[in-house]
Amino acid sequence: CSFKPKDPHGVNFGCDVLKSTLKALNIRLVVRGHRAMRNGFSMSFDNLFTLYSALSYTEQPKPGAKQAQPLPKNRGAVLSINEHGQMAFKILTHGGG
């Protein structure tokens, strides 16, 4: 398996790199908040999540553009982890749910 970022400036890496990094840092999970996710979050591997809590995110205008480019309405998400390490996502929607 491998992670291929959508950003052309990102770095590709595989499960082996993630697993060795988790072990070296003595952690079990990486949660990153980087870009708007249509459903609030995505899971790249069992131990790598992208989480985004902002609803209806709009990108900033590109140089020379007159206005920001609206993105499709995205949901937000909040991740809770209890004392036993069990994870639960709460999806934030435009209806308040």
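Start with the open sheet, where three strands sit in the order E3-E5-E4 with mixed pairing. This is a predicted model, so keep that in mind as you click around. Select E3 and E4 and you have the edge strands, each of which pairs on one side only. Ignoring direction, neighbouring strands here are turned by 20 degrees against each other on average.

Next, zoom in on E3 and E5. These two strands run parallel and are joined by three bridges. For a handy landmark, show Arg32, which stands opposite Thr50 in E5. As background, strands of a sheet pair through backbone hydrogen bonds, either parallel or antiparallel.

**Into the core**

Now select Cys15, Leu18, Leu22, Phe45 and Leu48. Together these five residues make up the largest nonpolar core. Which element gives this core its largest share? Colour H1 and you will see, as three of the residues come from that helix. In general, nonpolar side chains tend to be buried together in soluble globular proteins.

Stay with Leu18 and display its surroundings. Leaving aside residues up to four places away in sequence, Leu18 touches Phe13, Val30, Phe45, Asn47 and Leu48. Two of these names, Phe45 and Leu48, you have already met as members of the core.

**A stop at the loop**

Follow the chain out of helix H1 (15-25) towards strand E3 (30-32), and pick Asn26 in the loop between them. Its phi is near 60 degrees, a positive value in a residue other than glycine. Is Asn26 buried or exposed? With a relative accessible area of 70%, Asn26 is exposed, because the cut-off for that label is over 50%.

**The hairpin**

Move on to strands E6 (residues 76-81) and E7, which run antiparallel and are joined by six bridges. Show Ala77 and you will find it opposite Ile91 in E7. The two strands form a hairpin with five residues between them. In that turn, select Gly85, whose phi is positive at about 85 degrees.

**The ring cluster**

Finish with the aromatic side chains: select Phe41, Phe49 and Phe89, which ring pairs link into a cluster. How many aromatic pairs are there? The count comes to two. In the pair of Phe41 and Phe89, the ring centres are 3.9 Å apart and the planes lie at 5 degrees, so this pair is stacked. Phe41 lies in strand E4 (residues 41-45) and Phe89 in strand E7 (residues 87-92), so the pair ties together parts that are 48 residues apart in sequence.

To close, turn on a surface and check each ring's residue. Phe49 is buried, with a relative accessible area of 4%. Phe41 counts as partly exposed at 27% relative accessibility, and Phe89 is likewise partly exposed at 27%.

Notes
Residues are numbered from 1 along each chain as its sequence is written. This is a predicted model: local features need pLDDT of at least 70, side-chain atom pairs count only at pLDDT 80 or more; totals for chains, interfaces and linings use all residues. Side-chain values use heavy atoms; hydrogens and water are left out. Rings of Phe, Tyr and Trp (its six-membered ring) pair if their centres lie within 6.5 Å; planes under 30 degrees apart count as stacked, over 60 as edge-to-face and the rest as tilted. Helices (H or I, at least four residues) and strands (E, at least two) are DSSP runs, numbered from the N terminus. Buried means under 20% relative accessible area, exposed over 50%, partly exposed in between (1.4 Å probe, protein chains only). Two strands pair if DSSP finds at least two bridges between them. A nonpolar core is a set of buried Ala, Val, Leu, Ile, Met, Phe, Trp, Tyr and Cys residues joined through side-chain atoms within 4.5 Å. Contact means heavy atoms within 4.5 Å. Axes are lines fitted to C-alpha atoms, for helices over the stretch in contact, and angles run from 0 to 180 degrees between N-to-C directions.
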